[in-house]
Amino acid sequence: MKPNQVKTFLLNCLKSNEQLIDNNKVPIAVNIEGVHGIGKTQVVTELAKETGYLVKKLNLAQFELVGDLIGYSVKEFEICKDEKCLWITENQIPHYISLGWTFTNNNLTKQCPPEWIVDLPERVILFLDDASRANSLIIQAVMELLDKREFIGWNLPKYCQIVLSTNPDTGEYNVTSLDGAQSTRSLNIKMEWDVDSWAEWSEKNKRDDRCINFVLLFPELFVAHKDGNLTAVNNICPRQMDKFFDMVETIDEFFPNIEYISQLAIASVGETFLKLFIKFINEKLDRLPSIPKIIHEYDLATAKTELTKVCGNYMANPHEFKQPTAATLSQRLSNYVIHNSIKKEEAAKVSELICHTAFTEDMKYTILNRISGKSNMFTEMMKNKELVKYVLA
């Protein structure tokens, strides 16, 4: 599944599980399997924000003892003084003995809840990260938690829902294989990083235009090529890519800072990525027109001129038409319209831009298909008669 599909799936599971809980049934956990750095945690975090749930993340790979997950047992001793008695733990004994308290022969073992469960709200997503990296005893405890949702002395909040994350057992990761008894205790989905999903997420979260354009222009960098069961070593980890972009977004002009950018790339995303990024800069693709400026700042004539300048005219000069650049900007345009508010007077401009010869017929159909029903101004845009024909076709 693509990240946006995973998010929709989890949302539906969240709703279904709430009904199961209301009917006194055990909710079903979901395990998200995927390679490192593709945004599994991000998907769960965004889902929680949108649904009002809290996320409680536990990194099971960092737990050394089962007690870190389920809590520890503590032995308590009864002591008395002046007809008053109380129960204390072993480390409190020296203090009370010095005050004149004496032991009775009574003692008991008490199970203490784990620290992480204290003060959890009723609606919480318990995110068990790196579950397949935990030791076998902790994995057994997780199985018990999925089944019974409680241990001695404590239980999960009523609407608590469990999501796990794992890396695939392909030989690339130091993980524990989950047997049938373990894997059948949850719904298991496989998540794959997707260029289009990332671009839409980046548009929504105001990622730098230049970085979004680069990824859309060179999507082959991020395709998970395989040799047998092993991922090729030159594949780019999206997590490292985002760190690289976080740094380069602070740079106003790329070309004068190629040396620094090269150092950042070698320290994060590697030489293959760097070569294409330098090509991107040298060909001035980092200077493609800004979609927000085209929509909100330029007049219609200027906006069309800017698009033609970088894309060409597919009807007048098909041999000089720059298909990759046009495809990138058409996708950027649709993503921006979906995730940003467009004023009524701007809707007519957007309609004219979609009909412009900087975009091919296929691109126009794709833009309208993507924004249909998702833009606040889609109905207003349909007043453009030329645009309507792409919807009715």
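Select Arg123 to begin: with a relative accessible area of 32%, Arg123 is partly exposed (buried means under 20% relative accessible area, exposed over 50%, partly exposed in between, with a 1.4 Å probe and protein chains only). The model is predicted: local features need pLDDT of at least 70, side-chain atom pairs count only at pLDDT 80 or more, and totals for chains, interfaces and linings use all residues. Residues are numbered from 1 along each chain as its sequence is written, and side-chain values use heavy atoms, with hydrogens and water left out.

Glu122 is partly exposed at 43% relative accessibility. Now display Tyr159: Arg123 lies over the face of this ring, at 4.1 Å from the ring centre (the criterion is NZ of Lys or CZ of Arg within 6 Å of the ring centre and within 35 degrees of the ring normal).

**Further salt bridges**

By the same rule the count comes to 22 salt bridges. Select Glu144 and Lys148, whose closest N and O atoms are 3.2 Å apart. These residues lie four residues apart in helix α5 (residues 136-148), so about one helical turn separates them; helices (H or I, at least four residues) are DSSP runs, numbered from the N terminus. Glu144 is partly exposed at 30%, and Lys148 is exposed at 52%.

Next, select Arg332 and Asp209, a salt bridge with its closest N and O atoms 2.6 Å apart. This pair links distant parts of the chain, with Arg332 in helix α14 (residues 323-339) and Asp209 in helix α8, 123 residues apart. Is Arg332 buried or exposed? At 1% relative accessibility, Arg332 counts as buried, while Asp209 is partly exposed at 22%. Then highlight Lys7, Glu46, Glu50 and Lys204, which salt bridges with shared partners join into one network.

**Helix α11 and its surroundings**

Move to helix α11 (residues 271-282), whose twelve residues reach 16 Å from the first C-alpha to the last, close to the 16 Å expected at 1.5 Å a residue (the expected span is 1.5 Å times one less than the number of residues). Its buried residues are Phe273, Leu274, Leu276, Phe277, Phe280 and Ile281. What covers them includes α8 (209-217), α9 (238-248) and α10 (258-266). After α11 comes Lys284, whose phi is positive, near 60°.

**Aromatic pairs and the core**

The structure holds 18 aromatic pairs (rings of Phe, Tyr and Trp, the last by its six-membered ring, pair if their centres lie within 6.5 Å; planes under 30 degrees apart count as stacked, over 60 as edge-to-face and the rest as tilted). Select Phe244 and Phe273, an edge-to-face pair at 5.3 Å centre to centre with 80° between the planes. Phe244 belongs to helix α9 and Phe273 to helix α11, 29 residues apart. Both Phe244 and Phe273 are buried.

Finally, display the largest nonpolar core, of 85 residues, in which Phe214, Met241, Phe244, Phe245, Phe273 and Phe277 touch the most other members (a nonpolar core is a set of buried Ala, Val, Leu, Ile, Met, Phe, Trp, Tyr and Cys residues joined through side-chain atoms within 4.5 Å). Apart from it lies another core, of 26 residues, among them Ala29, Val142, Leu145 and Ile162.

Key:
Helix = DSSP H or I, 4+ residues; strand = E, 2+ residues; numbered from the N terminus. Contact = heavy atoms within 4.5 Å. Salt bridge = Lys/Arg side-chain N within 4 Å of Asp/Glu carboxyl O.
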